[in-house]
Amino acid sequence: MAFALQVLMNALSLGSLYALAALGIGLLFGVLKLINFAHGDFITVGAYALIVPSAATQATLMIGDFHPLILIPCIVAVVVILALIAEFLVFRPLRSASPATLMIGSFALGFVIQNILIMIYGGRPKAVGIWSDLSLGVELMEGVEVPKLQLIIIGVTLVLMVVLVLFLTKTKYGVHMRAAAEDFRMARMLGIEANRVIMLAVAISGMLAAAVSMLFVVQTGILEFRMGVSLMLFAFIATVIGGMGSLVGAVVGGFAVGAVSILLQTFLPSEMRVFRDVFVFAIVIFILLVRPQGLVMSRASRERV
Amino acid sequence: MLEVKDLEVRYGRLTALRGINLSIKEGEIACIVGPNGAGKSTTLLSISSVLNPTAGTITFDGQQINGTRPEDVARMGVSQVPEGRHIFTSLTVEENLQVGTATRRDKPEMKRDYERVIETFPILGERRRQSAGKLSGGEQQMLAIGRALMTSPRFMTIDEPSLGLAPKIVDRVYEVLIDLRKSRGLTLLIVEQSSERALKAADTLYVLRNGAIQLAGKASELQDGKAVHKAYFGFSDDHEGEVMI
């Protein structure tokens, strides 16, 4: 029982990170039909923004030293501004191009960001310790101790998901965004400003990336210029198996990928654990063979004629 | 109110419209009829600035439409109910109507317009919290018209309102459209494949075939149908007997 609870918490907290990253990707895919492969690099930049920009092997905290109430808005601002710059310089000029061109553009942007990070910070991984007391354990019940951070990751994810749902269903701009995601041309014919709705989606996607940056870097304690890439890859897989174009699907997919990873990590014989991802991807291929439309069918694809 | 001059639209090598002219006066109901592929939808999409014409101009109340964005045209007071209705199926009925008010700030008027739409189509009121994807075809057509009305348009274009609907529901849709002109002074441009119903509703009729206007005139003067038939099919009734089977 205690063991099962521990595994569950591991799965939920990893799944939360994937779900948050997948939501950021799914939101942009909705309005722009862009699979933003630079999303992972947005996450990386959010983490690097904590330290003083220098190539020194020893990281010195800058924003990371601020009080959390200042630190969090600062990191969010950095990532949102980066995302908006990407929109102006890359995505907007490519908007009328095919989705494939946009996707390749986002790949290129990702590499540019990674190389700028190497130029500024150097290519070696750096240790960074913020909020390290969060890794201390909390006793959930007799004999079950989980790091405080896991509870925070799960809690933050839940709160952000609730806020996002409220925004999308209860506010005017949220309803506009859902309309634009389903039928962009029709939304424009009714007077919805294309640029405004896209910029809003880009900004929200940036906020979600910033949240992942902070949670992830506190968990790993390491800065590395490719740290967001594998996260992005798993989040992308989450959106695909969840069902492209469905935000619920992105979340379900995120938790599914997290759960599968943790279960394999826990139950695979130790000499096979190094190959964990092989099994994860095998399961992904299997799911796609059985349900090519994804676990959650997006409502747009059920449209009546 | 709406002037279309020498409008030409090409899709790559294909020419969809070869220089058409329309002149629609305030308060009238104009109809464009024509067979499949004549360029009817292309005309309406150009008026909404979704398509960019290769040549010619479109002006609304003297303001140029071609070269602007679809959202600008909506703001000018031109609304479209497109072919296939394009309801937002993942939104509720109420949210669909709400999207129609995207450009507006006049809250009390918006509320009044909402009530008027519900009054015209009571079924939308009953189903306002339901997902729009669950509506029947006829209800979706009503929602599409209601949504267009929520933009508070002065000019509305409707692409094949009778497509895929039962005759009884088509009657109801036309009843509503004719009433909209009377109650709101709305100017309408209706596109249809069949000329029969369009002739009854329209003040002015345009027959479009092969991307060109074959015939234009007052609907009242075209009632005998022969000229319309010739314009529509490209040959007159008398030749029918000569068609070899």
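Helices (H or I, at least four residues) and strands (E, at least two) are DSSP runs, numbered from the N terminus. With that in hand, the loop between β9 and β10 of chain B can be located, and B:N210 sits there. Residues are numbered from 1 along each chain as its sequence is written, while chains are lettered from A and ligands numbered from 1 in the order in which they are written. The structure is a predicted model, in which local features need pLDDT of at least 70 and side-chain atom pairs count only at pLDDT 80 or more, whereas totals for chains, interfaces and linings use all residues.

The predictor's confidence in each residue is given as pLDDT, from 0 to 100. Chain A has an average pLDDT of 91, and 97% of its residues score at least 70. Over residues 300-305 of chain A, pLDDT stays under 50. Where pLDDT is low, the predicted coordinates should not be read in detail.

Next comes the overall build of chain A, which contains 11 helices and four strands. For its 305 residues, a compact globule would have a radius of gyration near 19 Å, and the value for chain A is 19 Å, which agrees. This radius is taken over C-alpha atoms, and the globule rule is 2.2 Å times the number of residues to the power 0.38. Along the principal axes, the C-alpha atoms of chain A fill a box of roughly 60 × 45 × 35 Å. Of the 305 residues, 46% count as buried; a residue is buried if 20 or more other C-beta atoms lie within 10 Å of its own, exposed if 12 or fewer, and partly exposed in between, with C-beta atoms placed from the backbone. Two residues are in contact if their C-beta atoms, placed from the backbone, lie within 7 Å. Among the contacts in chain A with a separation of 6 or more, 74% are between residues 24 or more positions apart.

Buried residues of α4(A) include A:L102, A:G105, A:S106, A:L109, A:I113 and A:L117. An α-helix has 3.6 residues a turn, so residues three or four places apart point the same way. The cover over the buried residues of α4(A) includes α2 (39-48) and α3 (68-91) of chain A. After α4(A) comes A:G122, with a positive phi near 85 degrees.

Strands β2(A) and β3(A) (residues 144-147) run antiparallel and are joined by four bridges; strands pair if DSSP finds at least two bridges between them. A:E139 stands opposite A:E145 in β3(A). Two residues lie between the strands of this hairpin, where A:G143 has a positive phi near 80 degrees.

Chain B has nine helices and 10 strands. A compact globule of 245 residues would have a radius of gyration near 18 Å, and chain B has 18 Å, which agrees. Buried residues make up 43% of chain B. Six of its strands form an open sheet with mixed pairing, in the order β6-β7-β8-β3-β9-β10. At the edges stand β6 (78-81) and β10 (212-218) of chain B, each with a single partner strand, so one side of each lacks a neighbour in the sheet. The pairing of β6(B) with strand β7 (residues 155-159) of chain B is parallel, over four bridges, and B:S79 stands opposite B:M156 in β7(B).

Two residues of chain B stand out by their phi. Most residues other than glycine have a negative phi, and most peptide bonds are trans. B:D6, in strand β1 (residues 2-11) of chain B, has a positive phi near 45 degrees, and B:D6 is partly exposed, with 13 other C-beta atoms within 10 Å. B:N210 has a positive phi of about 55 degrees although it is not a glycine; B:N210 is partly exposed, with 15 other C-beta atoms within 10 Å.

Finally, the two chains meet: 22 residues of chain B are in contact with 21 residues of chain A. On the side of chain B that touches chain A, α2(B) gives the most, with four residues.
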